[in-house]
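Let's take a walk through this structure together, going from the inside of one chain out to where the chains meet. Keep the 3D view open as you read.

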Number of protein chains: 2
Amino acid sequence: MNRFLQNAIQLAKMAEGQTGVNPAVGSVVVKDGWIVGLGAHLKQGERHAEVQALDMAGDQAQGATIYVSLEPCTHFGSTPPCVNKIIEAGIKKVVYAMKDISLDSPGDDILQSAGIEVEYQHQAQAELMYKDFFKAKSENIPEVTLKVSVSLDGKQATDTGQSQWITNPGVKQDVFKHRARHDALLTGAGTVQADNPSLTVRLEGERQPVRVILDRSGRLNLQQQIFHDQQTPVWLYTENKEMLNKEHSNQVKIILLEDCSIKNILQDLYHNGIGSLYVEAGPNVSSQFLQSECVQTLIIYYAPKVIGGSGKYQFYQTDNVLSLDKIPQFEIANSEIIDQNIKVSLRKK
Amino acid sequence: MNRFLQNAIQLAKMAEGQTGVNPAVGSVVVKDGWIVGLGAHLKQGERHAEVQALDMAGDQAQGATIYVSLEPCTHFGSTPPCVNKIIEAGIKKVVYAMKDISLDSPGDDILQSAGIEVEYQHQAQAELMYKDFFKAKSENIPEVTLKVSVSLDGKQATDTGQSQWITNPGVKQDVFKHRARHDALLTGAGTVQADNPSLTVRLEGERQPVRVILDRSGRLNLQQQIFHDQQTPVWLYTENKEMLNKEHSNQVKIILLEDCSIKNILQDLYHNGIGSLYVEAGPNVSSQFLQSECVQTLIIYYAPKVIGGSGKYQFYQTDNVLSLDKIPQFEIANSEIIDQNIKVSLRKK
């Protein structure tokens with residue numbers, strides 16, 4: 001791959017997880033083989049990658065080539081279209097790694113009409129990065145990653161509810177890294193009640209995602225530490241009107257939905273700027289997410305144990321039995337050993 | 001490693017080979033876990049990495065943490081010291097990956113005196129990147145990489161001078177990539193005479209380094225294509241005064257040195273802004289470079305052939321015989337197979 005296009009993709013990856021419902025994009029401006037500007041889209045509503053890189057390049061953008069991880073945008077959102085800025089800057093050539101299939105009018109065409117040479121160098125790496133984004137955007141829901149920590153026999157706890165074995169330090173660090181790359185985390189009321197978790201990122205300098213709790217029936221009393229630790233907002237979804245009357249600190253927002261289906265919650269989250277969601281929950285909520293077919297990435301940490309019992313806390317349980325051709329299908333993207341746990345990352349097929 | 005510090009090192013790597021006698025440096029500004037600015041030092045005399053990143057961050061730099069691949073500078077060069085800019089921007093904390101041992105007054109101390117929290121998170125990866133730079137800087141010579149393409153028995157050609165087997169396409173592409181990451185290439189008069197090489201980078205969008213030719217005796221007639229192809233400057237080093245009178249195009253600069261020793265040439269190159277040099281030459285010049293002890297990186301491409309003969313063109317030949325404890329010592333940094341050639345990258349011990 002062209003190394004400048006590779007650089008643009010690297011820059012996009014740096015900003016992954018902090019661009020809300022916008023895609024993470026990176027860009028490099030090259031003049032006579034010299035990098036003269038580089039940038040990334042850093043936050044929803046702020047300057048796009050191309051604009052950052054062109055601003056850094058200044059006058060040197062005249063006659064230069066711009067490399068972008070994603071086809072330049074053509075719409076007036078919170079910022080003007082990037083194609084305009086590229087044309088105004090006097091760019092001679094645009095190279096991009098992935099088509100923006102969500103654009104009404106393709107940036108490629110507009111740039112070419114303006115006499116700019118445009119090259120679409122399709123990159124598998126960029127496609128992988130944007131595939132989930134486009135799918136989520138077309139459905140107005142966040143990109144969803146479901147994480148489960150289980151025994152080798154697929155259980156999150158023993159039949160009596162013991163699950164302390166999940167606190168493996170290496171896995172914890174890895175989970176913190178994942179949390180920090182998402183706009184929000186979600187868990188169920190059961191986990192809040194049982195574990196009293198803080199759901200924060202304990203890594204220096206890292207960002208704290210919004211914490212989302214699904215409490216359909218409204219069983220929580222809002223006394224747990226998560227509701228008054230002053231760390232980062234907590235959004236609680238419920239179908240129980242009475243929750244609105246419960247006293248709570250101002251870090252908590254109670255959101256009443258008539259039907260707290262996974263799909264409805266996801267759509268509401270998306271409309272509130274959540275572009276990526278990391279789900280860490282018990283078997284009940286995990287199973288609901290898997291059944292919703294909205295999980296694009298599934299991460300399983302297998303601890304080297306077999307728990308047995310009746311399997312009360314298997315991570316995937318359903319009332320109805322689907323035939324083998326109807327069950328959720330995944331493909332393995334990666335597998336590694338972390339601190340004596342096997343981490344398997346899977347992507348929805 | 002902290003991922004923001006990793007990002008800063010990645011940014012430095014993007015600019016490697018285009019910063020002349022300055023180090024390649026990358027920087028990321030992080031506020032509450034969000035990347036709010038990123039930058040790299042892109043060219044000697046232009047804005048430093050910290051300044052680029054702080055400019056991108058704007059007001060958001062107030063109270064933020066800045067991650068830098070190298071300790072921030074304290075001297076007035078072509079730009080004011082970065083420590084001043086960091087202090088003025090209201091940065092709360094500085095994290096850097098490698099100490100700048102060439103600074104008269106350490107940036108770390110100045111920043112701490114200004115009440116900024118400073119953390120030196122030493123990174124092996126950054127040390128590897130800057131070690132050669134500091135060594136070269138302390139000696140006022142460029143970082144030198146010597147590349148040879150040889151048979152398994154260490155010969156660049158048969159005794160009769162046949163060497164066409166070197167034109168392996170995969171190796172060629174790899175060589176182009178290396179060329180583009182250096183300020184200048186160097187070869188000997190013999191190679192120019194025998195091969196009529198262009199010594200350019202045939203990769204789209206890449207930069208053309210300066211071409212340096214060592215012609216001590218002044219045997220070249222300056223008619224070869226390299227002297228009038230209008231591609232990129234040619235600097236010819238010679239001890240022969242008469243070369244100054246030879247007609248040549250304006251892309252050629254004749255540099256007369258009383259003593260064209262490798263050390264003298266390297267110092268002159270450094271004073272002309274060449275911070276990194278890639279040497280591709282015949283056995284004569286290659287051997288001189290190896291004997292000079294100025295080669296920090298040695299890259300050997302072994303073709304799967306044995307040439308035999310008397311070894312007239314072995315890549316390393318010396319008049320005097322050194323004992324085994326005095327010969328140049330290297331350590332293997334990497335080894336890979338490229339298009340049926342074995343590429344071995346070595347670093348001076």
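Start with the distance inside chain A: the centres of domain 1 of chain A and domain 2 of chain A, taken over C-alpha atoms, sit 34 Å apart. The domain assignment puts domain 1 at 3–133 and domain 2 at 140–348 in chain A. Keep in mind that this is a predicted model. For chain A the mean pLDDT is 92, with 99% of the residues at 70 or more, and the model as a whole scores ipTM 0.82 and pTM 0.86.

So how do the two domains touch? In chain A, twelve residues of domain 1 are in contact with twelve residues of domain 2. Between them they bury about 960 Å², and carbon and sulfur atoms give 37% of that area. On the domain 1 side of chain A, the residues that lose the most area to domain 2 are Gly17(A), Val21(A) and Asp132(A), which together make up 55% of what that side buries.

Asp132(A) turns up again when you look at charges. There is one salt bridge between domain 1 and domain 2 of chain A. Arg347(A) forms a salt bridge with Asp132(A), and their closest N and O atoms are 3.3 Å apart. Five residue pairs are in polar contact across this domain interface of chain A. Helix H1 (3–15) and helix H5 (124–139) of chain A each give two or more residues to the domain 1 side that touches domain 2, and H5(A) gives the most, with four residues.

Now zoom out to both chains. Chain B can be superposed on chain A by a rotation of 180 degrees with 0.0 Å of shift along the axis, at an RMSD of 0.1 Å. The two copies are therefore related as by a two-fold rotation axis.

The chains bury about 3000 Å² between them, 51% of it from carbon and sulfur atoms. Arg3(B), Met14(B) and Trp34(B) supply 24% of the area that chain B buries against chain A, more than any other three residues.

Finally, look at what links the chains. The interface of chain B and chain A holds four salt bridges, and Lys93(A) and Glu204(B) meet in a salt bridge at 2.2 Å, N to O. Eight residue pairs are in polar contact across the interface of chain B and chain A.

Technical notes:
Residues are numbered from 1 along each chain as its sequence is written. Chains are lettered from A and ligands numbered from 1 in the order in which they are written. This is a predicted model: local features need pLDDT of at least 70, side-chain atom pairs count only at pLDDT 80 or more; totals for chains, interfaces and linings use all residues. Side-chain values use heavy atoms; hydrogens and water are left out. pLDDT is the predictor's confidence in each residue, from 0 to 100. Copies are superposed by least squares on the C-alpha atoms of residues with pLDDT of at least 70 in both. Domain bounds come from an automatic or database domain assignment. Contact means heavy atoms within 4.5 Å. Buried area is the accessible area (1.4 Å probe) that two parts lose on being put together, summed over both. A salt bridge is a side-chain nitrogen of Lys or Arg within 4 Å of a carboxyl oxygen of Asp or Glu. A polar contact is a pair of N or O atoms within 3.5 Å; within protein, one must be able to donate a hydrogen and the other to accept it, and residues adjacent in sequence count only if both atoms are side-chain atoms.
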